Protein chains: 2
Amino acid sequence: MTQLLSARAGEITPEMEYVAKREDLPVELIRDEVASGRMVIPANKVHAAGALEPMAIGIAAKCKINANIGNSAVTSNVGEELEKLHTAVHFGADTVMDLSTGKDIDNIRRQIIDKSPVPIGTVPIYQMLEELGGNIEDMNAQHFLDMVEHQAKQGVDYMTIHCGVKLEHLHLTVNRVTGIVSRGGSLIAKWMMAHNKQNPLLEAFDDLCDIMREYDVTWSLGDGLRPGSIADASDDAQFAELDVLGECTKRGWEKGTQVMVEGPGHIPLDQIQMNIERQIEVCHGAPFYVLGPLVTDIAPGYDHITSCIGAANAGMHGAAMLCYVTPKEHLGLPNEEDVKQGVIAYKIAAHTADVARKRKGAQDRDDALSKARFAFDWKEQFRLSLDPETAQRYHDETLPQDTFKSAHFCSMCGPKYCSMKITEDIRQMAKEKKLVELPTT
Amino acid sequence: MTQLLSARAGEITPEMEYVAKREDLPVELIRDEVASGRMVIPANKVHAAGALEPMAIGIAAKCKINANIGNSAVTSNVGEELEKLHTAVHFGADTVMDLSTGKDIDNIRRQIIDKSPVPIGTVPIYQMLEELGGNIEDMNAQHFLDMVEHQAKQGVDYMTIHCGVKLEHLHLTVNRVTGIVSRGGSLIAKWMMAHNKQNPLLEAFDDLCDIMREYDVTWSLGDGLRPGSIADASDDAQFAELDVLGECTKRGWEKGTQVMVEGPGHIPLDQIQMNIERQIEVCHGAPFYVLGPLVTDIAPGYDHITSCIGAANAGMHGAAMLCYVTPKEHLGLPNEEDVKQGVIAYKIAAHTADVARKRKGAQDRDDALSKARFAFDWKEQFRLSLDPETAQRYHDETLPQDTFKSAHFCSMCGPKYCSMKITEDIRQMAKEKKLVELPTT
């Protein structure tokens, strides 16, 4: 049984109960959203029996964020990856993808799943490539099915699989500025070119569904042809693949598996709404899981910011999960500090989307922090902020003494200029009926 | 003569010529935009005769950014402020406001104007308050006129003056979560409460225009009642003041002065478009100069990011200049590193808006950088990025050796996984006519 099949049968699972509490939504709503395919609860049975605290991804739930960790051939080890996991979860990542491609992949994944309270995603073709010694051409469908089953047994909650890239799409990428930028997508492209055959993962789709269903692994349909630059955004290649993902979504649902769909990438700000709406329509409302998108290409070193702009807008228009981008994007593998910076930027984006969509209770934290701000309750401001340690450190740079934690000003304005102080006087006058009043328009 | 009066007379000034070249737009268009009031060229005659390189702010021009510098009573000196000026201009600030409120104000301002190639803005009421020993109640209209004339003589290019806050607006702020957060606005409120009289700056508006016109100081009509929290966004107080600013805009134009209008503040993402469109309508198309806006209150320490999201959206919907916010916002006075972080976040926002609005040539830099990225030309990528030094440093953290500057991969994926490499193979196959082709839809 998957969460989807249970929901369709009208059943309420313990995972749905848990999610309903976390989201502060009626459990029947959760069940109905899961049944419709608009919401997924990525909870592999193996992980669900272990450390997993179930969560939901879907437009009715709060906007979620994912943090990618994992080593690569040139850097990092298991200890560092567990540190990154801890940092990501500490600062609020809702799911974590282990994208390890270097040595020791199985051991890293096992330890991450063992310790992680959040769902873990993977891209199975990475380990596939390792096992094939770097020659993707040597893969056959059974190899890949075995790899997916291997990882499903380990407890992976969702898997990115690039079923949507078809042989006849490749020529659409030839005149792109940045061609194919998805690693998985390009590996499949390479395979198809070598064999002059259709995408083997698409051909094996039903068999893959059988494995996913057994463990309740959620599909994360990969966008192998996502644009890698502003110039390539919203082009024929991107949307040709999206149409295939829409078909896969339906097939996945028919086979009883949970499905979400991945999206771009690099998209100028004026095209984000259109992209989200189109995906929701083409993929029948399946949760949309976007990477950023970055709204400009000119700021390597700051792509957590360029993409945070896109992510906030994507979330506002209906994306269900935002995959973070770190300051190291395009430059190197993120370290622990990069993970932190990426997660915080994306907590901002997701929360911005929740406030903009007026999700239940979303603005409460803003209001509480602003009330503390107005009351000069510095400690409460720090406590309510996304990164209390940094907020306090910045404050203390100029006014470190403990007495200033109760001071009615900060170094930005100094005591004489503090507008908050003057507002208190206005309130006093209002109480004493000394203010001119005009009717509220 | 002001730029506005010259433009109305059909005259093309040297400043318009200069601006036309910088914007790559016909000089007649610049003149017509200035004549209509939709564009300003803040160029005090004194500064224009000195270091100023004229620039334009308006919807037809590229989106601009402002960086605030200046000391406060508790911190900083002239040397530090000149360093901040240098940093702000180096990373691309289009204007700089000197918001000094502590000691040595005149000396700091004189030196900044002397050295600055970008227009300098001030908020004259800050120095006013210093001269009154902190008691704004002791001010009369003539004091303020003298202060504006004093600063105009020094060469200040634009001034924030809070004419829009009226006595009858104050009661509208009483139930706000954060009351009045503008320092200038709250000082005027305090004065009005003390005297139970109308805003003296509004009463002196025509006399102020006479001074502004003489030196061609551009109005930056301050929004003293801007919302300081998400809870207070788009409320009656904010829009009551905006209506007054709309009237002031017309009066300023009638008196031959250039006018721009300041805007919020803290606005949830779903209300930004409405706010910009409303301002453009109410203020008859005068350039809108917004502070952020911040789209959430929960991330002190990261408000360059929370506000960058709002600023990019504001710019896309027609805001002409974006006032930066630094990571120190709400916590303390920004230092040089904060200035840099704020400027870069806002260069991203303004450029994002230019790309989204399809301004002439805006996307060229994105395309050039992405081409360099695809060609693995690391040095060119660094060179084209907003902060080359940081981009290179991040890259070199894992692959410092010079040989990797020409490597066809980075530490993010390692050599085997590089999708860019595979795309090259696809192109080769396409050349050899080995790719399946379908008609482009």
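Tutor: Start with a definition: a salt bridge is a side-chain nitrogen of Lys or Arg within 4 Å of a carboxyl oxygen of Asp or Glu. The model is predicted, so to speak of local features we need pLDDT of at least 70, and side-chain atom pairs count only at pLDDT 80 or more, while totals for chains, interfaces and linings use all residues. Residues are numbered from 1 along each chain as its sequence is written, chains are lettered from A in the order in which they are written, and side-chain values use heavy atoms, without hydrogens and water.

Student: How many salt bridges cross the interface of chain A and chain B?

Tutor: The rule finds four. One pairs A:K328 with B:E397, with the closest N and O atoms 2.6 Å apart.

Student: Which helices of chain A supply the side that touches chain B?

Tutor: Helices are DSSP runs (H or I, at least four residues), numbered from the N terminus. At least two residues each come from several helices of chain A, among them α7 (124-131), α15 (336-356) and α19 (419-431). By class, this side of chain A has 55 nonpolar, 35 polar and 23 charged residues. Here Ala, Val, Leu, Ile, Met, Phe, Trp, Tyr, Cys and Pro count as nonpolar, Asp, Glu, Lys and Arg as charged, and the others, Gly among them, as polar.

Student: How is the size of an interface often given?

Tutor: As the accessible area lost when the parts come together. Buried area is that loss (1.4 Å probe), summed over both parts. Chain A and chain B bury about 10200 Å² between them, 67% of it on carbon and sulfur atoms. In contacts (heavy atoms within 4.5 Å), 113 residues of chain A meet 113 residues of chain B.

Student: What domains make up chain A?

Tutor: Domain bounds come from an automatic or database domain assignment. Chain A is divided into domain 1 (43-49 + 63-355) and domain 2 (362-430). Their centres, taken over C-alpha atoms, are 40 Å apart. Eight residues of domain 1 are in contact with seven of domain 2. The two domains of chain A bury about 550 Å² between them.

Student: Which side chains meet in a salt bridge with an N to O distance of 3.2 Å?

Tutor: Those of A:D387 and A:K340. Across the interface of domain 1 and domain 2 of chain A, the rule finds one salt bridge.

Student: Why does A:E130 count as partly exposed?

Tutor: Buried means under 20% relative accessible area, exposed over 50%, and partly exposed in between (1.4 Å probe, protein chains only). A:E130 counts as partly exposed because its relative accessibility is 24%. A:E130 is found in helix α7 of chain A.
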